Amino acid sequence: MSERGLRIQQLRAAAGGTQILKGIDLTVEAGRVHALMGPNGSGKSTLAFSITGHPGFKVESGSVTLDGADVLAMAPDKRAKAGLFLSFQYPAAIPGVKVANFLFAARQALHPGDLPPAKFRALLLEKMDLLDMDPSFMGRYLNDGFSGGEKKRLEMLQLAMLAPKYAILDETDSGLDVDALRAVGESVNAMRASESGKDTGFLIITHYPRILQYVKPDVVHIMIDGRIVKEGDAELAQRIEREGYDKIREETAQIA
Amino acid sequence: MPSATLEKALELRSGRERPGQFWKIDLDAIDFSSLQVAPPSDPQIVAPSKPGLIACGLEAAKRDHAEVFNRAFGSVTGTLNDKFASLSAALCNTGAFVYIPPDQSVDDPIEITYTAKNGALFPHTLVVVDRGARCTIIERIEGESAEAVCGIAEIVAAESATVTYAAEQNLPLESQAFFTRAASPGKDASVTWCVAEVGAALSVSRIDVLVDHPGVDAHLNGFFFPRGDQHVDMVSTVRHNVGESQSQTLIKSAATGRGQARYLGNIRIAPHAQGTEASLRDDALLLSPRAHIDSVPALEIGANDVKAFHGATIGALDENLIFYMESRGIEREAAEKMIALGFFEPVVERFPTGMRERLRAALEAKIA
């Protein structure tokens with residue numbers, strides 16, 4: 001079992017010809033919550049997109065494995081089938097594609113034939129209720145005309161419906177009011193308490209420690225300028241809250 | 001055959017764009033004079049039974065309903081001075097007449113099917129909806145053999161009438177289709193066109209609404225999707241000649257293979273047509289490097305107290321949308337298909353319920 005986990009090793013990646021990630025080592029362990037914190041522009045979203053295979057990001061070297069499987073060799077949909085999930089900071093709006101149809105297609109792709117339509121619908125309604133989402137959401141076009149909060153709730157709904165092995169939440173807390181933030185936190189906690197989600201490993205990418213009041217991290221990683229410069233427990237997030245990133249940047253500048 | 005009328009029609013210019021870098025067909029060089037014309041026939045007509053409702057072929061209309069028929073027949077399309085409408089009028093060999101009496105609401109659609117075979121077809125559908133009446137027409141244009149079909153659909157809607165006219169042109173691939181669809185709504189009347197140009201090698205069409213009375217609510221919905229070597233040329237025009245009325249135009253198009261299309265969306269607001277609200281939205285999706293769509297919104301606004309909006313987009317499938325779907329486990333090809341079908345969905349949903357599944361299937365077949 002030594003290979004268990006989402007293991008990122010010496011990952012270097014570029015966007016638009018500029019190297020953003022300068023050798024990332026980070027392992028997300030099954031059933032644990034990892035927080036990835038860092039100031040704007042430090043490369044957090046680049047890491048999320050590089051792991052999930054966005055065509056706008058080029059991995060230059062390093063490796064990413066998911067329970068031993070080589071993630072970087074897979075097409076993006078295969079990465080999802082291997083158990084990877086990304087909650088987008090800016091989810092795409094797709095007019096004409098209804099939420100329920102999209103979710104059913106995604107669930108079918110990841111867990112073929114495991115839920116007949118009626119059971120799928122029941123599960124969907126249950127998860128929507130948990131997220132304070134009105135059933136009318138099912139008939140709306142995917143993210144089309146959604147408010148920021150509605151988009152993030154829909155990301156959490158997908159997380160709940162797709163039950164991945166490893167979930168990356170990219171700034172899911174940004175732009176959310178307190179109610180939406182609490183709903184997101186409760187959704188993650190409910191998933192972790194469930195049979196299908198108890199082994200899910202989380203990488204929660206955030207700029208502010210706010211969301212970590214709702215979801216307690218087991219490990220906190222600090223990323224600055226494309227490198228992980230510090231790791232610690234939940235106390236490290238508290239420190240960021242008090243001191244900001246500058247102090248850590250100064251402390252770690254010599255090492256870099 | 002009134003040959004003087006035909007001579008005049010043959011001499012008219014189409015008024016369409018000349019061939020250019022992408023579009024290769026000269027519409028003014030098409031030879032209509034040597035076409036073999038099919039013998040006269042009636043279309044297949046299915047209509048619910050309602051007191052006073054008339055739905056019949058042209059011969060029966062002239063014979064049994066001469067007064068109302070003669071007053072309306074050609075009264076709208078005859079004013080357009082259009083080459084293809086004139087040709088259709090001169091060579092008319094099939095058609096249908098629908099009349100809805102005052103205040104009669106007809107829920108079930110009236111279905112008219114033209115089937116081209118044994119020569120060129122020149123259909124003329126006339127729909128007269130009397131005061132406060134309501135109906136839905138579904139017209140299907142099909143073919144057993146590849147023919148030229150040059151037709152007219154004409155709506156005369158009286159005060160406070162509501163009419164939806166949905167047409168699906170799905171001729172065999174080697175056919176040519178020329179359609180003129182025009183409506184004249186009365187005061188407070190509501191007119192909705194839904195036009196799907198699916199088949200034929202060449203599809204040339206125009207959709208017109210002449211707003212000559214206040215309170216009109218006009219909707220023009222259409223889509224086309226040339227693939228292979230198909231060519232589509234569509235022009236829509238809403239003429240707001242009086243104010244205090246509104247119109248919405250929504251056109252969705254895609255092209256794949258070497259498919260070529262041109263769309264010109266006109267909104268004309270006359271100088272005294274104050275209080276007009278008009279919107280035009282057209283989106284075009286290019287699914288192959290050799291496909292081409294020219295999409296031109298043209299707003300001509302003469303009045304100052306109006307609301308006019310237009311938005312046009314053209315482009316390939318958005319990689320970010322594809323990636324979003326892929327990241328949920330959906331394969332790239334399936335994702336592209338879902339996004340492209342979804343692109344048409346807002347306009348498909350404006351067609352009568354009974355047509356939608358067939359239209360979705362037709363679109364899906366084009367993407368495959």
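Okay, let's start with the sheet in chain B: 9 strands make up an open sheet, in the order 1-4-6-8-10-12-14-16-18, and the pairing is mixed. At the edges you'll find strand 1, residues 44-46, and strand 18, residues 307-315. Each of those has a single partner strand, so one side of each is left without a neighbour in the sheet. Going from one strand to the next, the twist averages 5 degrees.

Before I go on, keep in mind that what we're looking at is a predicted model. For chain B the mean pLDDT is 96, and 99% of its residues come in at 70 or more. The model as a whole scores ipTM 0.96 and pTM 0.91.

What does strand 18 of chain B pair with, and in which sense? Its partner is strand 16 of chain B, residues 277-286, and the two pair in the parallel sense over 9 bridges. If you want to find the pairing on the screen, look for Glu277(B), whose bridge partner in strand 18 is Lys307(B). Then look for Leu285(B), which stands opposite Gly315(B) in strand 18.

At the interface, 20 residues of chain B are in contact with 21 residues of chain A. On the chain B side, helix 5 (319-326) and helix 6 (332-348) each supply at least two of the touching residues. Helix 6 of chain B gives the most to that side, with 9 residues. Sorted by class, the side of chain B that touches chain A has 10 nonpolar, 4 polar and 6 charged residues.

A quick word on chain A. Its secondary structure comes to 8 helices and 12 strands. A compact globule with 256 residues would have a radius of gyration near 18 Å, and chain A has 18 Å, which agrees. Along its principal axes, the C-alpha trace of chain A spans about 60 × 40 × 35 Å. Of its 256 residues, 47% count as buried. And if you take the contacts in chain A between residues at least 6 apart in sequence, 72% join residues at least 24 apart.

Last stop, one residue in chain B: Ala89(B), which is found in helix 4, residues 83-91. Is Ala89(B) buried or exposed? Ala89(B) has 22 C-beta neighbours inside 10 Å, so it counts as buried. Leaving out residues up to four places away in sequence, Ala89(B) touches Thr5(B), Gly74(B), Gly78(B) and Ile152(B). There's also His124(B): Ala89(B) and His124(B) are 35 residues apart in sequence, with 7.7 Å between them in space, C-alpha to C-alpha.

That's the tour, thanks everyone.

Terms used:
Residues are numbered from 1 along each chain as its sequence is written. Chains are lettered from A and ligands numbered from 1 in the order in which they are written. This is a predicted model: local features need pLDDT of at least 70, side-chain atom pairs count only at pLDDT 80 or more; totals for chains, interfaces and linings use all residues. Helices (H or I, at least four residues) and strands (E, at least two) are DSSP runs, numbered from the N terminus. The radius of gyration is taken over C-alpha atoms; the globule rule is 2.2 Å times the number of residues to the power 0.38. A residue is buried if 20 or more other C-beta atoms lie within 10 Å of its own, exposed if 12 or fewer, and partly exposed in between; C-beta atoms are placed from the backbone. Two residues are in contact if their C-beta atoms, placed from the backbone, lie within 7 Å. pLDDT is the predictor's confidence in each residue, from 0 to 100. Ala, Val, Leu, Ile, Met, Phe, Trp, Tyr, Cys and Pro count as nonpolar, Asp, Glu, Lys and Arg as charged, and the others, Gly among them, as polar. Two strands pair if DSSP finds at least two bridges between them. Axes are lines fitted to C-alpha atoms, for helices over the stretch in contact, and angles run from 0 to 180 degrees between N-to-C directions.
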